There are 4 protein chains.
Amino acid sequence: MIIVLKPDAPEDAIQSILARIADAGLKPLHMPGSERVVLGALGDERVLASLNLDGSPHVESVKPILAPYKLVSREMHPHDTIVAIGSMKLGGTGFKVIAGPCAVETAEQTRNTAQAVKKAGASALRGGAYKPRTSPYGFNGHGPAGLKILQETSKEVGLPVVTEVMDTADVDRVADHVDALQIGARNMQNFALLHAVGKSGKPVVLKRGMTARIEEFLLAAEYLLAAGNDQVVLCERGIRTFETATRNTLDLNAIPLIKQKTHLPVIVDPSHGTGIRDLVIPMALAAAACGADGLMVEVHENPAVALSDGAQSLYPDQFDALMKALKPVVEAVGRRL
Amino acid sequence: MIIVLKPDAPEDAIQSILARIADAGLKPLHMPGSERVVLGALGDERVLASLNLDGSPHVESVKPILAPYKLVSREMHPHDTIVAIGSMKLGGTGFKVIAGPCAVETAEQTRNTAQAVKKAGASALRGGAYKPRTSPYGFNGHGPAGLKILQETSKEVGLPVVTEVMDTADVDRVADHVDALQIGARNMQNFALLHAVGKSGKPVVLKRGMTARIEEFLLAAEYLLAAGNDQVVLCERGIRTFETATRNTLDLNAIPLIKQKTHLPVIVDPSHGTGIRDLVIPMALAAAACGADGLMVEVHENPAVALSDGAQSLYPDQFDALMKALKPVVEAVGRRL
Amino acid sequence: MIIVLKPDAPEDAIQSILARIADAGLKPLHMPGSERVVLGALGDERVLASLNLDGSPHVESVKPILAPYKLVSREMHPHDTIVAIGSMKLGGTGFKVIAGPCAVETAEQTRNTAQAVKKAGASALRGGAYKPRTSPYGFNGHGPAGLKILQETSKEVGLPVVTEVMDTADVDRVADHVDALQIGARNMQNFALLHAVGKSGKPVVLKRGMTARIEEFLLAAEYLLAAGNDQVVLCERGIRTFETATRNTLDLNAIPLIKQKTHLPVIVDPSHGTGIRDLVIPMALAAAACGADGLMVEVHENPAVALSDGAQSLYPDQFDALMKALKPVVEAVGRRL
Amino acid sequence: MIIVLKPDAPEDAIQSILARIADAGLKPLHMPGSERVVLGALGDERVLASLNLDGSPHVESVKPILAPYKLVSREMHPHDTIVAIGSMKLGGTGFKVIAGPCAVETAEQTRNTAQAVKKAGASALRGGAYKPRTSPYGFNGHGPAGLKILQETSKEVGLPVVTEVMDTADVDRVADHVDALQIGARNMQNFALLHAVGKSGKPVVLKRGMTARIEEFLLAAEYLLAAGNDQVVLCERGIRTFETATRNTLDLNAIPLIKQKTHLPVIVDPSHGTGIRDLVIPMALAAAACGADGLMVEVHENPAVALSDGAQSLYPDQFDALMKALKPVVEAVGRRL
């Protein structure tokens with residue numbers, strides 16, 4: 001950690017800060033320059049952060065040097081973590097696709113869509129029983145009845161299931177019905193939920209918040225690992241920017257960067273990442289090309305009448321075309337679908 | 001709602017969309033142009049949204065005309081709502097200041113800070129017992145013990161208390177100890193929490209999410225009102241932008257705009273809105289000048305050793321200076337402090 | 001164009017707006033709803049925009065329906081435009097790579113780099129003689145001497161050259177020395193420069209501004225076409241967002257979207273789009289996978305001593321690896337390198 | 001400057017970087033930690049930046065410590081600079097208002113508006129002869145004829161004039177007709193224009209780019225001072241963010257921050273900063289409250305028929321109301337209007 005002092009910082013304040021660094025068991029450094037005094041502190045960045053040195057009126061800025069996360073870091077754990085969601089293994093050299101409707105609407109719609117995506121080559125089913133909606137007047141899912149449909153469809157069709165959980169009070173119930181819990185973008189920093197899902201031990205798909213820097217995304221994952229759960233899949237799903245032609249801006253830069261920083265698998269959701277059906281296939285191919293470990297894609301048996309996210313859901317035949325187009329791209333980067 | 005069709009939309013698709021609009025009890029409009037067919041639908045925008053017309057492969061875009069919120073709208077409820085938090089009334093022509101430490105650290109620190117802000121003219125105390133922290137290794141509050149300190153300080157010093165609640169499981173407990181519940185920026189779209197806090201009937205301070213558009217902010221408030229709670233104070237606390245010189249970008253444009261759109265009171269948090277102690281006073285004055293109903297300000301008896309947010313917390317004598325500087329500005333815009 | 005009126009708009013104001021629409025030779029529409037009056041106007045969106053109806057105190061908002069550009073629009077011109085830059089043809093089913101140093105530093109550095117990129121398979125050379133620099137103290141290029149080096153290198157090595165022009169006063173001189181003019185991100189809305197480069201008739205590489213919406217990017221291209229120049233290549237090079245882990249956020253969503261909207265070729269600059277050498281190859285592959293027509297990549301014979309952009313420049317052997325990795329991805333999406 | 005090395009940086013690379021720092025006449029520091037080696041360099045940040053140390057494959061990141069600007073810095077020049085634009089003096093304890101139409105449309109419209117704003121208390125006139133327009137089909141100003149109208153109006157009405165210049169080729173001509181040159185937001189990093197305007201010696205109003213960080217804004221001003229012109233007024237006019245309810249997000253945080261960092265005066269443009277007529281007055285008051293030295297406001301004799309920016313232009317009587325409302329706020333913060 002580097003501590004830049006204000007131009008007029010008095011000597012006793014400097015000595016006091018150096019003493020606080022030393023008292024915390026870290027190595028203090030004193031670097032007087034011509035215009036400013038700069039202090040350094042070498043050691044565990046987490047301990048340094050807990051000193052809250054930026055609260056001092058003589059400190060202009062504090063610049064961390066090392067990453068603030070540990071358990072998710074590839075430096076500490078160089079080998080890829082493989083996350084098993086039922087029969088699907090994410091991470092390593094494979095490339096897997098999770099597909100299904102935005103929301104569970106009916107048993108029939110769920111089953112039809114599940115059969116279609118399985119036939120086309122998907123490895124897991126997605127579908128929402130609890131739906132976060134910007135407006136209180138939107139369709140917000142069937143809740144427990146939706147979970148039951150998911151569980152039955154999973155057995156019948158033979159695909160593991162991922163579904164979102166939004167409330168700490170629902171974690172156990174949701175975990176009993178599905179193979180992996182999803183934490184949605186709006187809840188990426190719902191720390192109570194992160195803790196509860198971490199404690200559940202269930203595999204997790206953690207979506208990046210719309211406004212989350214990559215470092216914050218990895219710190220949210222660190223919450224899960226710190227609670228004892230290392231079965232975590234990261235999911236890039238687009239960030240919010242000034243661009244309004246697409247629903248979100250899919251940040252694919254994040255994929256190779258995250259692969260460098262962490263051992264956890266990372267997948268891409270091109271449906272939310274674009275919000276436009278016609279962009280889903282090209283962006284799915286781009287995700288595969290830049291090193292993602294898989295995809296999460298919205299597919300609906302008839303998007304024109306979907307209760308949510310119809311504009312970004314693929315028709316079953318489009319999903320089939322996506323799977324066919326993916327194969328040569330995945331192989332071109334040395335992986336297998 | 002205006003529905004712009006794709007250039008090649010077939011006639012039967014057009015008729016089918018018009019029929020869905022009419023079936024929903026709304027008035028359909030057909031506007032054929034030289035380059036595109038445009039459809040319109042007049043009536044309740046919430047019903048229109050539920051048709052999910054953008055899921056059709058023949059629809060290029062859907063443009064709502066009316067606001068998607070109702071209960072928070074000033075059009076439906078022209079007069080200012082006054083929210084009573086203990087003895088403090090927010091809204092109307094007064095201007096109120098809520099102040100206190102980021103976190104409850106000790107009983108003594110809380111009491112000392114509370115006494116200082118009361119003496120300087122604050123109308124309510126803030127302080128966190130449950131703290132959302134980006135890193136799992138940060139100080140995350142004393143929980144129930146912190147609530148007890150807040151309750152005792154409130155009685156002793158004679159100030160109503162606002163504190164954050166982060167988990168639906170804690171709503172009742174927190175509501176029993178304080179005068180108003182705060183929903184933090186990270187939880188603005190935690191819909192389970194919005195629903196639970198709405199049901200509690202307790203006054204709420206709802207903070208704008210870092211990435212929330214004003215319309216989304218008002219829709220989050222609509223969740224609270226739809227759950228039966230109209231004692232809602234909105235709080236602008238800065239949004240996330242590309243600017244890194246400040247912790248957030250305080251969006252004061254939002255204040256006069258929100259005052260136009262809704263009858264609910266709106267306050268400003270210049271501490272989180274800037275992240276820099278030296279900017280808190282000027283931005284507090286700006287908030288008062290553009291029509292805010294009050295402020296929420298972080299003050300600590302000694303920010304240099306604060307366990308969180310020290311860099312943006314005022315020293316007690318700075319808070320006293322703020323209150324003195326506020327008075328003539330508040331009066332210049334025809335209000336009273 | 002849809003014109004939403006304020007709730008209290010008087011009848012005479014409504015009639016006056018309808019008359020202005022009709023006087024402009026367009027078709028006015030009157031749509032009275034239960035809460036608002038909405039007006040419509042069908043016809044040329046450019047004429048509609050020139051009415052400036054949003055200046056009226058009775059208008060709440062104005063929503064255009066059609067795109068504001070014409071000449072660049074694929075609706076008007078369905079077939080791909082092929083842009084010839086010397087021997088290189090951009091657009092259609094090929095995939096081309098422009099590579100070279102950020103800046104022309106010396107004749108030797110330029111020649112060595114040019115030879116290396118040609119050998120690896122690049123189709124054109126890039127290199128800056130005039131460099132936009134955020135600080136007035138940065139290296140800002142050798143100007144006319146740099147142009148001469150580029151011209152000589154081009155002949156010697158046998159690669160067409162693209163270079164940036166920053167000032168209307170330099171357009172003729174730069175056009176005399178190179179095969180295509182680049183308009184940089186910071187000048188995307190330098191309308192005087194757009195006009196002068198449009199008039200020059202020289203092929204242009206137009207980079208997207210850091211803060212430009214896709215519609216504004218296409219309108220900047222419309223300036224070039226409106227001045228008589230249709231030899232325009234669009235270049236996505238990253239936008240500015242809240243993310244600080246990368247220099248920019250490469251917006252690959254823009255590629256398939258732009259290909260839908262316009263007939264002009266579009267390429268990707270993964271060097272500026274990431275700012276990090278290790279991310280250039282994966283993002284170049286992603287660009288190819290989602291449908292870009294080519295790449296612009298920074299390569300330096302020794303990035304460790306480059307005078308600018310060293311952190312994002314590839315070493316020659318890395319560029320060679322990129323070209324080898326590109327081939328199967330380009331072929332996987334049905335194109336040829 | 002702090003240089004963080006990659007974990008595996010070899011000893012000879014470390015020594016080579018230390019040698020480059022020492023060769024540049026700066027003081028190198030070696031700080032080996034348990035996880036990383038960190039290097040430091042003390043001295044002129046501009047020299048350090050020119051070493052381009054981030055180009056090395058062994059460097060992970062480079063963190064500057066001191067500001068990269070010098071001439072605009074308050075550390076080098078503690079006293080407020082007063083900029084004289086004709087009879088108007090900006091800076092110090094006064095508060096001045098520049099007002100007028102977006103564009104010069106006719107001599108009569110310009111004169112009427114100028115007389116109205118003068119009567120209400122404005123100190124200078126604004127008006128565009130050259131207008132940057134997003135679309136090539138928008139009204140782009142009358143050019144030289146507009147300059148003549150401005151010059152004549154200035155004499156007749158007795159107000160100094162500020163107008164935008166967009167092309168280096170026009171700098172002399174524009175400078176001959178008006179009292180101050182404006183560099184618009186889109187040209188804030190048009191370095192050729194900054195250099196030419198700097199050389200002209202004419203007072204300048206430099207608008208912040210839509211996507212410019214405060215540091216970049218100050219570096220753009222540094223270009224002007226480095227070219228010999230210290231008569232520079234900075235103008236905050238809103239930045240681009242995800243918020244779409246307003247045209248831009250007015251970043252008032254920038255005002256007190258810029259006043260700390262530089263000795264140059266800073267004004268606020270609430271017209272572009274909001275894009276909405278009804279928000280102009282409250283945001284003008286907020287600008288005064290947080291320490292701005294003045295305002296630039298769009299006023300039109302009849303905004304409903306303005307050729308540009310009608311939606312954000314005040315009616316003359318609204319401008320009069322603004323000036324009356326400003327007085328007590330300006331005085332409340334210890335200044336005089």
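In this predicted model, the crossing of α10(A) and α11(A) is right-handed. Helix α10 spans residues 277-289 of chain A and helix α11 residues 316-332 of chain A; their axes lie 9 Å apart, at an angle of about 25°. Because this angle is under 35 degrees, α10(A) counts as roughly parallel to α11(A). From α10(A), the residues R277(A), I281(A), A284(A), L285(A), A288(A) and A289(A) take part in the contact, and they meet Q318(A), L322(A), A325(A), L326(A), V329(A) and V330(A) of α11(A). By residue class, this contact of α10(A) with α11(A) consists of 10 nonpolar residues, one polar and one charged.

In chain C, helix α6 (residues 191-200) packs against helix α7 (residues 214-226) with axes 7 Å apart and an angle of about 40°. The pair α6(C) and α7(C) is therefore oblique, and α6(C) passes α7(C) in a right-handed crossing. F191(C), L194(C), V197(C) and G198(C) of α6(C) make the contact together with A220(C), Y223(C) and L224(C) of α7(C). Six of the residues in the contact of α6(C) with α7(C) are nonpolar and one is polar, with no charged residue.

In chain D, the axes of helix α7 (residues 214-226) and helix α8 (residues 254-261) come within 11 Å and cross at roughly 50°. This angle makes α7(D) oblique to α8(D), and the crossing of α7(D) and α8(D) is right-handed. On the α7(D) side the contact involves I214(D), F217(D) and L218(D), while α8(D) contributes A254(D), L257(D), I258(D) and K261(D). The contact of α7(D) with α8(D) comprises six nonpolar residues, no polar residue and one charged residue.

The interfaces between chains come next. Chain A and chain B bury about 3900 Å² between them, with 49% of this area on carbon and sulfur atoms. Four salt bridges are counted between chain A and chain B. One pairing between these chains joins the side chains of R240(B) and E216(A), at 2.7 Å from N to O.

Chain B and chain D also form an interface, with 38 residues of chain B in contact with 38 residues of chain D. The area buried between chain B and chain D is about 2800 Å², and carbon and sulfur atoms give 68% of it. Two salt bridges are found across the interface of chain B and chain D. R208(D) forms a salt bridge with E243(B), with the closest N and O atoms 2.8 Å apart.

Side chains of opposite charge can pair when their charged atoms come close. Over all chains, the count comes to 64 salt bridges. The table lists the individual pairs named above.

| Salt bridge | N to O distance |
|---|---|
| R240(B) and E216(A) | 2.7 Å |
| R208(D) and E243(B) | 2.8 Å |

Methods:
Residues numbered from 1 in each chain as written. Chains lettered and ligands numbered in written order. Predicted model: local features only at pLDDT ≥ 70, side-chain atom pairs only at ≥ 80, totals over all residues. Heavy atoms only, no water. Axes fitted to C-alpha atoms, helices over the stretch in contact; angles between N-to-C directions. Helix = DSSP H or I, 4+ residues; strand = E, 2+ residues; numbered from the N terminus. Parallel < 35°, antiparallel > 145°, perpendicular 65-115°, else oblique. Left-handed = near helix turned anticlockwise from the far one by under 90°. Contact = heavy atoms within 4.5 Å. Nonpolar A, V, L, I, M, F, W, Y, C, P; charged D, E, K, R; others polar. Buried area = accessible area lost by both parts, 1.4 Å probe.
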